[in-house]
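Please open the model in your viewer and keep the sequence panel beside it. The stops below say what to select next and what is there.

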Amino acid sequence: MTSSLNLWLIPVLPLAGAAINGFLGKRSSRTAVSIIGLFFSGAAFAWALQVALRFSSITLPYQEFFAHWIRSGSFSADFSFYLDQLSLVMLLVVTGVGFLIHIYSVGYMWDDPSYYRFFCYLNLFLFFMLNLVLANNYLLMFIGWEGVGLASYLLIGFWFTKDSAASAGKKAFIVNRIGDFGFLIGLFLIIQHFGSLNFTQVFDQVKPLGIENGGAGLLTAIGILLMVGACGKSAQIPLYVWLPDAMEGPTPVSALIHAATMVTAGVYMVARSHVIFERAPIALTVVAIIGTLTALFAATIGITQTDIKKVLAYSTVSQLGYMFMACGVGAFSAGIFHLMTHAFFKGLLFLGAGSVIHAVGGEQDMRKMGGLRSYIPWTFLTMGIATLAIAGIPPLAGFWSKDEILLKAYQNNWVYWLIGVITAFITSFYMFRLLFMTFWGDYHGVQVDDHGHAHAAHGHDDHGHGEPHESPWVMLGPLVVLAALSLLGGFVGYHNGFEHFLDPVFGSGVTEAAGETVSSATEWILMGVSIAVGFLGLIVAYILYVSKPELPKKVADSLGALYDAVLNKYYVDEIYAKLFVKPLVDGSTSVLWQGVDRKVIDDSINSAADGAQHVSDNVRHMQSGNLRSYAGWIAAGAAVVIAYMIWMGVGR
Amino acid sequence: MVPLSYYLLLSGILFACGVTGFLIKRNIITIFMSIELMLNGVNLSFVAFAAHWHALAGQVFVFFVMVVAAAESAVGLAIIIAVHRTRETLNVDQVNLLKL
């Protein structure tokens, strides 16, 4: 047994930062707030690194117990943490990317009047996310799960005076509750049948169970319910609608919560529960199908979006679909690998987008950008690297993980692979479209002399010249670091190194052994195809948006209704509004409000009050104000009491 | 020795006088004195029973009643003075504002 790692420090440090900034930040200077925010998130990262350095010398899985929480009969849930290869990867991604985004936020949010509030929420988010990642039982994980939902809600609605931001926050919260409902029922099933929520105890009981084929078994039910929860948190069909709206939040939030970390919680949860999923093929198929469909569906919407952050939002949904596809075909380590590389390049893309928005004074519409290459070279360079990475161009990070997923998908079923490849092409296309629209061509924007006219919060510096300008170094630094990670991060997957690292976690896999292995020739062909579609997307985007800029209009016109449908995001929001929101609102208005509340509750209370008023109106006339009549009543009353006592015979 | 019933009869007469005075008199001070009369009627029955049963509890009770009566008269007289100052009358029929 190794000495204690003091894992509790990792989540508690950001919590302390959140508390200090939350309680004292209002009266502190911006510098003090930044130092506290950065120090505590940085310290968490440093401690996580320290844990990683000692990693080889500890026995795994390492568990750390802190306090009893719930003890009820044989059931117990404790505050204790669980560390294995999987949680370590998540730990480093969350604290590392989180710390970088904290640094970036110092520059991005500097002029916001609620600067301290932002850092308070951001630290709070880190606390809950680390709780989620480190928990050793589902219940503690659920606390983190709900907590990141809260932080997400607070940060989406950060500019709560803006109506759209406030409603986007509410939408995210409510849609997530739907997913959490499924998650909770899944947990109840686990408690009922295994009497515990502790990972090791549950999985030890699950392991002897065979693979279910009927599709009606317990593990299938649990798996599908857990997937419902994951769908909500990780924005998969049918619960993905909140994520694009979540772009109302500040851009660093989109980068940290809605790209790099929180939305991957669902993938983490499914990977953590792999023991259950591996024994429930139907549940796994559901995961794979949802993931594949979401990947394709969101990618197609991404083509037509013109808001730079919306493109990235749909891209995130699509990439999360990839991760679920990987989990669904039993390649959990490939899913986690993609989760990690995606955190690097999508975090970078969002931060880059923030830098672009910053440069053009708050404008988010890509049609009003263009030609920014020469104005903001560093942003261009780093975003270019991220785009190459997400498009799957070797040897950048995205290539390794995406190729791994596609290979595993092919081993399982070629349909997944085909849709995955098509999605990869679309991904590459819309990402280069974004890059070309933003950085190539001529600058279409208004000359920015009024800084921050779109968001009051984006006004930032005082050199009021009329041209887009590069962001300060405090913002570019994280971009450069993330660019380096996007460039090199994929190499941990060289020779399946990453997979071998995670083997002790996922090694017990049953489905992986069942999958047919492919020859190395096929492997090379598959790799060639995925590289080819990456470049194809680049070329098509170049033709459409650089060499023949009039062409996209024609293509859109020739597609007609189909283009309109995609442009309007397949009318999913409208369908949901008709199908779910309107009946709920109508039902609440006519039945619950007018029927139950007004007719039953209000009326019964009002009539009770009216009755009381009538009675007391009659009774009050007894108060004549005449003292001697009161005295007479007292004497008469006493006489009655005495007569009664004599009549009944007191003392007998 | 005087039989117990004599004391009780006298006590009853005193109490009845008090009640009657309380009900028919209009002057606050007279009403106040009637209250004292009732209290002393009760006190008399207490000591009579105490002597008859050779129990001290009745006599202790009398002291309680006297203390309470003293406190009550202190507060009551103060109220009477206040009423007289503000309303310039001691007729209870004219002190009848406390009603709807």
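## A guided tour

A:Y571 sits in the loop between α24 (561-567) and α25 (572-619) of chain A, where helices (H or I, at least four residues) and strands (E, at least two) are DSSP runs numbered from the N terminus. Its phi is near 55 degrees, a positive value in a residue other than glycine.

This is a predicted model, in which local features need pLDDT of at least 70 and side-chain atom pairs count only at pLDDT 80 or more, while totals for chains, interfaces and linings use all residues. Residues are numbered from 1 along each chain as its sequence is written, and chains are lettered from A and ligands numbered from 1 in the order in which they are written.

**Chain A as a whole**

Now select chain A, which contains 26 helices and two strands, and whose C-alpha atoms fill a box of roughly 115 × 65 × 55 Å along the principal axes. Of its 652 residues, 49% count as buried. Among contacts in chain A between residues at least 6 apart in sequence, 80% join residues at least 24 apart; two residues are in contact if their C-beta atoms, placed from the backbone, lie within 7 Å.

Colour chain A by pLDDT, the predictor's confidence in each residue, from 0 to 100. The average for chain A is 87, and 94% of the residues score at least 70. Over residues 448-465 of chain A, however, the pLDDT is below 50, and this stretch has 32 contacts in the model beyond near neighbours in sequence. Residues 508-515 of chain A also have pLDDT under 50, and for them the model has 13 contacts beyond four places in sequence.

**Two cis peptide bonds**

Move to A:P238, in the loop between α8 (218-233) and α9 (242-245) of chain A. The peptide bond from A:I237 to A:P238 is cis, with omega near 5 degrees. Then select A:P395, in the loop between α16 (377-390) and α17 (397-412) of chain A; a cis peptide bond joins A:P394 and A:P395, with omega about 0 degrees.

**The buried side of a helix**

Which residues of helix α20 (residues 497-506) of chain A are buried? They are A:F498, A:L502, A:V505 and A:F506. These residues cover an arc of only 65 degrees around the axis, which puts them on the same side of α20(A), the arc being that of the directions from the helix axis to the C-beta atoms. Show also α3 (85-108), α12 (274-278) and α15 (332-359) of chain A, which are included in what covers the buried residues of α20(A).

**Within chain B**

Next, select helix α2 (residues 28-53) and helix α3 (residues 57-87) of chain B, whose axes come within 10 Å and cross at roughly 175 degrees. Axes are lines fitted to C-alpha atoms, for helices over the stretch in contact, and angles run from 0 to 180 degrees between N-to-C directions. α2(B) and α3(B) are therefore roughly antiparallel to each other, a term for angles over 145 degrees. Among the residues making the contact are B:F32, B:L39 and B:F46 of α2(B) and B:F61, B:V65 and B:I80 of α3(B). By class, this contact has 15 nonpolar, four polar and one charged residues; Ala, Val, Leu, Ile, Met, Phe, Trp, Tyr, Cys and Pro count as nonpolar, Asp, Glu, Lys and Arg as charged, and the others, Gly among them, as polar.

In the loop between α2 and α3 of chain B, select B:H54. Phi of B:H54 is near 55 degrees, a positive value in a residue other than glycine, and with 7 C-beta neighbours inside 10 Å, B:H54 counts as exposed.

**Where the chains meet**

Finally, display both chains: the contact takes 10 residues from chain A and 11 residues from chain B. The residues on the side of chain A that touches chain B divide into three nonpolar, five polar and two charged.

Select helix α26 (residues 627-648) of chain A and helix α1 (residues 4-24) of chain B, which pack at an angle of about 145 degrees, with their axes 8 Å apart. A:R628, A:A631, A:G632 and A:A635 of α26(A) make the contact with B:V19, B:F22 and B:L23 of α1(B). By class, the contact of α26(A) with α1(B) has five nonpolar, one polar and one charged residues.

Methods. Angles under 35 degrees count as roughly parallel, over 145 as roughly antiparallel, 65 to 115 as roughly perpendicular and the rest as oblique. A residue is buried if 20 or more other C-beta atoms lie within 10 Å of its own, exposed if 12 or fewer, and partly exposed in between; C-beta atoms are placed from the backbone.
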